[in-house]
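Colleague: I would like to learn how to read aromatic pairs and strand pairing in a model. Please go through them with me.

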Amino acid sequence: MASKAWFQDGVGYGAADLATWHDWLIVRGGIRHVFRTTSEFLSNSNQTNRTVSIGAGSVLIGGSTGGGTWAWSSGETVAIPTASNDNPRKDLIVARLTTSAVDGSNGLSIELVQGTPAASPQTPARPDNAVALCIVDVPKASTTFTLTVVRTTGQYTDQAAYNNGTLAIDWDGVLPLAAAYPTGFVLYDYGRNQRWVRKADATWFTADFGPWVSVTPLDFQSGTTNIQTSGNLYIRESSVCWEMSGRLDFSPGFTPTGLISSIGSVPSSISRPTQHTYTIVGESYSAASKNGGTARLAYTTTGGLELAADPNGNISALYVNAQLSKSPFNT
């Protein structure tokens with residue numbers, strides 16, 4: 001029988017009851033603290049006054065044993081302590097849960113946790129019952145400082161926000177451990193615009209493509225001729241396939257004398273196939289021949305692009321617009 005919860009008129013409910021209600025209301029998986037939206041608690045620095053202003057916002061401060069408490073802040077301005085003359089320092093600005101001594105209501109206090117100056121400074125620990133908002137980097141003997149927003153950016157992996165109807169993070173594709181979440185849990189990475197689902201085998205799945213990233217063109221040798229590779233070729237991926245789009249140019253144009261092991265390098269942020277996977281792309285011959293054809297392009301297990309082409313044509317460019325399936329054979 002499914003669990004049910006209801007409120008009864010005339011009965012007072014304590015903090016433990018409210019925490020239990022929030023646990024039922026908000027399925028959080030491995031997320032402990034939840035911001036109401038992705039655009040609250042915005043931070044702005046005033047270098048002249050050495051202050052940081054934090055905008056209004058509300059957040060669910062999770063308890064150590066489950067549950068949690070919603071609290072709201074109208075925003076505050078905090079002062080940045082003077083820099084050390086000897087070493088840089090990292091400070092942490094947080095929103096900490098407070099309780100009113102007058103009526104017992106919950107609120108948030110915007111506070112700065114000052115770090116310790118050091119040659120390689122560390123961010124101070126986040127206090128209990130608090131969420132991290134931004135890190136302040138204070139160079140030594142400096143009148144200026146820089147801010148790094150950390151509300152939902154992955155440095156604090158138990159912090160997320162509501163966005164597009166699901167819990168949202170901005171962790172650049174670096175997802176939390178799927179095993180910490182129930183099967184079917186949906187997590188939205190709003191920095192990459194990808195919605196991820198936790199599968200029954202404790203892995204994440206997305207049908208949404210990540211951002212396009214550039215493939216690095218590589219020069220090579222055909223016979224005894226050195227060939228320069230240029231152009232713009234991009235790749236992106238989902239859990240279903242890799243997709244490539246763009247054009248590579250070769251100077252001088254050349255007639256292939258065999259398999260070319262690598263004409264480009266895919267960045268390490270893109271996963272590799274477990275077996276070479278192949279596609280057909282368009283090729284153009286030299287301008288004088290007025291002809292074109294096709295070539296075979298492989299995405300290799302080491303992240304390279306391998307080319308095999310018709311040895312009867314003088315290749316000057318490749319035109320790529322292809323999807324490479326993540327079938328059981330190559331994933």
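Modeller: The structure holds seven aromatic pairs. Rings of Phe, Tyr and Trp (its six-membered ring) pair if their centres lie within 6.5 Å; planes under 30 degrees apart count as stacked, over 60 as edge-to-face and the rest as tilted. The rings of Phe 35 and Phe 41 are edge-to-face, because their planes stand at 70° with the centres 5.6 Å apart.

Modeller: This is a predicted model, where local features need pLDDT of at least 70, side-chain atom pairs count only at pLDDT 80 or more, and totals for chains, interfaces and linings use all residues. Residues are numbered from 1 along each chain as its sequence is written, and side-chain values use heavy atoms, without hydrogens and water.

Colleague: Is Phe 35 buried or exposed?

Modeller: Buried means under 20% relative accessible area, exposed over 50%, partly exposed in between (1.4 Å probe, protein chains only). Phe 35 is buried at 1%, and Phe 41 is buried at 1%.

Colleague: What is the geometry of the pair Phe 220 and Phe 254?

Modeller: Phe 220 and Phe 254 are edge-to-face, 5.3 Å centre to centre and 75° between the planes. Strands (E, at least two residues) are DSSP runs, numbered from the N terminus. Phe 220 lies in strand S18 and Phe 254 in strand S20, so the pair ties together parts 34 residues apart in sequence.

Colleague: How many bridges join S22 and S23?

Modeller: Two strands pair if DSSP finds at least two bridges between them. S22 (residues 277–285) and S23 (residues 292–299) pair antiparallel over eight bridges.

Note on methods
Helices (H or I, at least four residues) and strands (E, at least two) are DSSP runs, numbered from the N terminus.
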